[in-house]
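Here is a short note to go with the structure you are about to open. Please keep the view beside you while you read the points.

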Amino acid sequence: MTARTLDALPWLADLAEGALERAAAESSPASVPWDRLIEQHGRRVVVALLARGLPLERAKDLADDAWVRIIQQHRAGRLPELKIPGIVIMQALFLA
């Protein structure tokens, strides 16, 4: 996540500081370590957007927004399974 995204979404800053794992764990039986998933796969999401011709800053912003939406959807129980990073890439492409 970029600092700009965390500034724009203060509640997300709280989630990024360890509460993210707890929030994901509370919404599903299995613990989802979102911060580690974002760290591990975030670059792939940005690269997929760059491959579609988006400028770097726009790709980063869309990737951040996609992660937020996937986390929200998962917490709401609307995602029966998580195929990371594919689902996040698809969300980012949809947003683009």
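**Notes on the fold**

1. Of the 96 residues of the protein chain, 36% count as buried, where buried means under 20% relative accessible area, exposed over 50%, and partly exposed in between (1.4 Å probe, protein chains only). Please bear in mind that this is a predicted model, in which local features need pLDDT of at least 70 and side-chain atom pairs count only at pLDDT 80 or more, while totals for chains, interfaces and linings use all residues. Residues are numbered from 1 along each chain as its sequence is written, and side-chain values use heavy atoms, with hydrogens and water left out.

2. The secondary structure comes to five helices and zero strands, so the pattern along the chain reads α-α-α-α-α (helices, H or I, of at least four residues, and strands, E, of at least two, are DSSP runs numbered from the N terminus). Among contacts between residues at least 6 apart in sequence, 55% join residues at least 24 apart; contact means heavy atoms within 4.5 Å.

3. Helix H4 covers residues 56-75, and its end C-alpha atoms are 29 Å apart, which agrees with the 28 Å that its 20 residues should span at 1.5 Å a residue. That expected span is 1.5 Å times one less than the number of residues. The buried residues of H4 include Ala59, Leu62, Trp67 and His74. After H4 comes Gly77, with a positive phi near 80°.

4. In soluble globular proteins, nonpolar side chains tend to be buried together.

5. Leu49 is worth a look: leaving out residues up to four places away in sequence, Leu49 touches Leu54, Ala59, Leu62, Ala63, Ala92, Leu93 and Ala96.

6. Helix H5 (residues 86-95) has Val88, Ile89, Gln91 and Ala92 as its buried residues. They cover an arc of only 160° around the axis, which puts them on the same side of H5; the arc is that of the directions from the helix axis to the C-beta atoms. These buried residues pack against helix H3 (34-51) and H4, whereas Met90 and Phe94 are exposed on the other side of H5.

7. What kind of peptide bond joins Ile84 and Pro85? The bond is cis, with omega about 5°. Most peptide bonds are trans. Ile84 is found in the loop between H4 and H5, and Pro85 has its place in that loop too. Ile84 and Leu37 are 47 residues apart in sequence but 7.8 Å apart in space, C-alpha to C-alpha. Beyond its neighbours within four places in sequence, Ile84 is in contact with Trp34, Leu37, His41 and Trp67.

8. Finally, the count comes to two salt bridges, each a side-chain nitrogen of Lys or Arg within 4 Å of a carboxyl oxygen of Asp or Glu. Lys60 pairs with Glu57, the closest N and O atoms being 3.9 Å apart; both lie in H4, three residues apart, about one turn of the helix. Lys60 counts as partly exposed at 29% relative accessibility, and Glu57 counts as partly exposed at 44%. Lys83 forms a salt bridge with Glu81, with the closest N and O atoms 3.8 Å apart, and Lys83 counts as exposed at 54% relative accessibility.
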